[in-house]
Each structure stands twice: as C-alpha cells, then as structure tokens.
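Okay, thanks for coming, everyone. I'd like to walk you through one model today, so let me put it up on the screen.

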Amino acid sequence: MKILVIEDNESVSTMLEMFFQKEGIEGTYIPDGAEGYKRFKEEEWDLLIIDWMLPSMDGVTLCRKIREENNRVPIIMLTAKDSESDQVIGLEMGADDYVTKPFSPLALMARIKAVTRRYNLTQPKKSDHHSYIETKHFKISKSTREVFFNEKPVTTLTPKEFDLLYYFVQHPKQVFSREHLLERVWGFDFYGDERTVDVHIKRLRNKIGNETQPFFHTVWGVGYKFDESVESNEN
C-alpha cells in the first residue's frame, strides 16, 4: 500500500513513518499543502492522509481540489478540531473519514483498513461488465462507475456519493434510516456518526436535480428515500 501523508507536524510524521514501516506500508511524508498537492498529481496513491492545518494550502482546500478532479483515492483527514461543524466541513469537502488529534497509530490503522476495504468492495468485478441501471432520469454503470443524468455525464461525484446514489437507484421509493444506509453503503466497520449520511445527501442534492425535482427526499422521523416521481422537497 502506498500512502501519501501531508502533515507538517514532524513528530506525527515520524510516528506514522515508524508504524507504517512495521505494517509494510510505503509512506511518503510532505509537510506542505501545495507541495503535497503537487506530489499527489505526480503519482498514483492507495490512500491520502491530510492534516487540516497546513502551510501554503490548508487541508480542507487541498481535499476540495483533489475531489474536484474526481479522483477515486480514499482520503482521511487529521485534525485537532473536534467540533461537529468542523467534521461536517471535512466531509463536505470530500474526506471519507476523519481522525482527531491526539490519536493512536492503531486507531488510525483501523480507519485506514476500513476505508480501503469499503473502496475495494465497490471496485468493478468482471461479472459487472456492461451492467447498467436505467431509470427515467439516470443511467448508471457499476463497472465503469459512470453516471448519466438526462443523458449527460455527471463527473463530480466522489466515490462515496456514487455508492450512495447507486444504492438508492437500486431501491426506488424505499425509505431507509441513516443507520441502515451507514451499514449498507459505508459498512459495519464505519467509525463516523449518522450526520455523515446527511452531509452526503446534501451534496447529492446540490449536484443532481433541482428544487422542483430533488430525487432525495427526507422522510421525517425515519430517514431518506429516492423517488423520481415526486416533485416536492421535504428538505
């Protein structure tokens, strides 16, 4: 596994370097946000670990820039900010998980394994070749992870946004609780809270649909459903 660590705290980087060596992980450690972004673009990575506070380019901006390129790499953010609003900001910018400082290497390793396992489970299999789900407005390929909305390609979805959309489209008009979605889309070993689902629903609403056709509907007291026939938003 190749992991790019963008972290300006030398003691944290040194700790991770020693731990990753024991785990057989190839780590690269960059202390600057802009330099980290440059290094990200130069090579292929299995996972990124990005600190929130960085010189030249902060971690939130860095995460957003990476996701704007529709890159499929998992991202874990490190932050000393532990408020719910800060965590939501990190998720909205495209991070898959977050770890608050101080943290133990074992806890971080568990997060790394959980995130990469979820990504691996969503990678296309040979049997998925040329498989599509088609609805009134959508055409989605699991094998190529392509999304077409009204015959136009949608290229701005993060990996987890795609997974959530794909699950909803597979189960139209069914109402799912946040807990159910976390288990089915994120996996039983996800360490985040139910607010993660709200953040991803909000991002899907912003990227797909409009005020009169939101597709993702809030069912108060229960959760969410995907319905192409309803033209009102309980948001």
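Let me start with a question: at what angle do helix 7 and helix 8 pack, and how far apart are their axes? The angle is about 80 degrees, and the axes are 9 Å apart. That makes helix 7 roughly perpendicular to helix 8, where roughly perpendicular covers 65 to 115 degrees, under 35 counts as roughly parallel, over 145 as roughly antiparallel, and the rest as oblique. For the angles, axes are lines fitted to C-alpha atoms, for helices over the stretch in contact, and values run from 0 to 180 degrees between N-to-C directions.

On the helix 7 side, the contact is made by R178, L181, L182 and W186, and helix 8 brings T196, V197, D198 and H200. Contact here means heavy atoms within 4.5 Å. By class, we get four nonpolar, two polar and two charged residues. The classes go like this: Ala, Val, Leu, Ile, Met, Phe, Trp, Tyr, Cys and Pro are nonpolar, Asp, Glu, Lys and Arg are charged, and the others, Gly among them, are polar.

Quick housekeeping before we go on. This is a predicted model, where local features need pLDDT of at least 70, side-chain atom pairs count only at pLDDT 80 or more, and totals for chains, interfaces and linings use all residues. Residues are numbered from 1 along each chain as its sequence is written, and side-chain values use heavy atoms, with hydrogens and water left out. Helices (H or I, at least four residues) and strands (E, at least two) are DSSP runs, numbered from the N terminus.

Back to helix 8, residues 195-207. Helix 6 comes in here too: the axes of helix 6 and helix 8 come within 10 Å and cross at roughly 85 degrees, so these two are also roughly perpendicular to each other. From helix 6 we have K160, E161, L164, L165 and F168, and they meet H200, I201, R203, L204 and K207 of helix 8. That contact has five nonpolar, one polar and four charged residues.

Zooming in, strand 10 pairs with strand 12, residues 223-226, over three bridges. F176 has Y224 as its bridge partner, and S177 has G223. Four bridges join strand 11 to strand 12, and the two form a hairpin with three residues between them. In that turn, G221 has a positive phi of about 85 degrees.

Strand 1 (residues 2-6) and strand 3 (residues 47-51) share four bridges, and V5 stands opposite I49.

Which of its residues are buried? They are G33, G36, Y37 and F40. Buried means under 20% relative accessible area, with exposed over 50% and partly exposed in between, using a 1.4 Å probe and protein chains only. These four cover an arc of only 100 degrees around the axis, which puts them on the same side of helix 2; the arc is that of the directions from the helix axis to the C-beta atoms. The buried residues pack against strand 1, strand 2, strand 3 and helix 3 (59-68).

One last stop: S13, in helix 1 (residues 10-23). S13 is buried, at 10% relative accessible area. Leaving aside neighbours within four places in sequence, S13 is in contact with E7 and Y29.

Methods:
Pairing = 2+ DSSP bridges.
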